[in-house]
Amino acid sequence: MNDFEDYIYSTIKKPLRRYPVPPGDKMIIQESTKIKEDALDITLVWATGAGDTPRVSNGSSPACGYVNVQLCGSSPQGGLEGKQGTVLLENPAGSSKLDVKMLEEQVTLIFGLHGKKVKLSTTCHFNKELKISDLQNGKCIYATTDFVSVKQCDIPQQNGPSCVFVNLTFCGKSPLGGRGVAILENPSGCRCVETSKDLENQVRVIFGLENQKVTLSLSKDKKDLLTDNMVENSESLNGKEVFVLCDQ
């Protein structure tokens, strides 16, 4: 399957997921066929709504600390969709951590809430002011621009980041550190990385590489270079390790 994943996606132009089919997915059709000596099982399911869907991250955790953010009583602006986002508390690993004000700025950017006062809390009732001690790895933070009218807020059920991510390992000496995280969509369902070039640009910023040429691969030996089709099918990359090789 790994050998043909890129080819299959370039043909059907739809996200690929591995078995088993999640219990909540509504099946359209299921087929089994034989290709040479191998059996191929394919199931088509209806797509879920944009964003706010628990992510499967191949069992991996982000290399950097993070918090999930649930937007309540407000809607994303600027054409964005999805009310769940992920904010990294550090990137690369070991760098300076975000404070509450910086988190507010990140939430404003993620949900397009420019010009609005963002309120953050550890509860969906917004009766507890967020403190820097609340910014703990994996915690859910609630955000709103209209906390007076918040009557109900969805509580995320997933364990792990709300958004698709890849871990980054820098093969060499980086000015800022050797491990980082690239988020491929934010908020959930809204892709912020469209091509491998986009991801390369994000990697340069994370590791302070300025205009240096970088190569991204799923293996240290460059035998599994990252392609545009892989990045476009971001769900299949979720939680995977991407090696960053820099031409000095």
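Which side chains meet in a salt bridge at 2.2 Å, N to O? In this model the partners are E241 and R179, a salt bridge being a side-chain nitrogen of Lys or Arg within 4 Å of a carboxyl oxygen of Asp or Glu. The pair ties together distant parts of the chain, with E241 in strand β10 and R179 in strand β8, 62 residues apart. Both count as partly exposed, E241 at 25% and R179 at 33% relative accessibility (buried means under 20% relative accessible area, exposed over 50%, partly exposed in between; 1.4 Å probe, protein chains only).

The model is predicted, so local features need pLDDT of at least 70 and side-chain atom pairs count only at pLDDT 80 or more, while totals for chains, interfaces and linings use all residues. Residues are numbered from 1 along each chain as its sequence is written, and side-chain values use heavy atoms, leaving out hydrogens and water.

Strands β8 and β10 belong to an open sheet of four strands, ordered β8-β7-β10-β9 with mixed pairing (strands are DSSP runs of E, at least two residues, numbered from the N terminus; two strands pair if DSSP finds at least two bridges between them). Because β8 (179–183) and β9 (214–217) each have a single partner strand, they stand at the edges. Within the sheet, β7 (residues 165–171) and β10 (residues 241–246) run parallel, joined by five bridges, and L168 stands opposite V242 in β10.

The structure holds five salt bridges. Among them, E90 and K97 meet at 3.3 Å, N to O; E90 counts as buried at 10% relative accessibility, whereas K97 is exposed at 56%.
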